[in-house]
Amino acid sequence: QVQLVESGGGLVQPGGSLRLSCAASGSIFSINAMGWYRQAPGKQRELVATITSGGSTNYADSVKGRFTISRDNAKNTVNLQMNSLKPEDTAVYYCNADLITVTMDQLRSWGQGTQVTVSS
């Protein structure tokens, strides 16, 4: 069994910053890509940023230059530093990991989500 647990969401004013963290635990052999997605009310879940085990990153155009994704392979954690936040960044943010379990099964695992609200 694999668990992803997010933390760090909350309420912030426009222009402010938040840092999201996600820790993966359980029967993990290795983790390939990790990432963050978000879903705003009435909208589909969308990619925010991803990072490979080698450190290659990919960002949605809407967050480039404002958000930074990073990971610690030894700790199976991924972080999302969000700066210059805008009201349109308001959403539930989900952590994601593409991994191999100890039984050599491929698995895409999701966290439970953390709310980010940008409002004055």
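Guide: Start with D89. Leaving aside residues up to four places away in sequence, D89 touches R38, R66, F67, S84, V116 and V118. This is a predicted model, so read every value as computed from it. D89 sits in the loop between strand 8 (77-82) and strand 9. Is D89 buried or exposed? D89 counts as buried, because its relative accessibility is 1% and the cut-off for buried is under 20%. One of its neighbours, R38, also gives a polar contact. That contact runs side chain to side chain, at 3.0 Å.

Strand 9 covers residues 91-101 and holds C95. C95 forms a disulfide with C22, with 2.0 Å between the sulfur atoms. C22 belongs to strand 3 (residues 18-26). The link of C22 and C95 is left-handed, with -80 degrees about the S-S bond. Both C22 and C95 are buried. The disulfide count comes to one.

Finish at the surface. F29 lies in strand 4, which spans residues 28-39. F29 counts as exposed, because its relative accessibility is 55% and exposed means over 50%. To recap the contrast: D89 is buried, whereas F29 is exposed.

Terms used:
Residues are numbered from 1 along each chain as its sequence is written. This is a predicted model: local features need pLDDT of at least 70, side-chain atom pairs count only at pLDDT 80 or more; totals for chains, interfaces and linings use all residues. Side-chain values use heavy atoms; hydrogens and water are left out. Helices (H or I, at least four residues) and strands (E, at least two) are DSSP runs, numbered from the N terminus. Buried means under 20% relative accessible area, exposed over 50%, partly exposed in between (1.4 Å probe, protein chains only). A disulfide is a pair of cysteine sulfur atoms within 2.5 Å. A polar contact is a pair of N or O atoms within 3.5 Å; within protein, one must be able to donate a hydrogen and the other to accept it, and residues adjacent in sequence count only if both atoms are side-chain atoms. Contact means heavy atoms within 4.5 Å.
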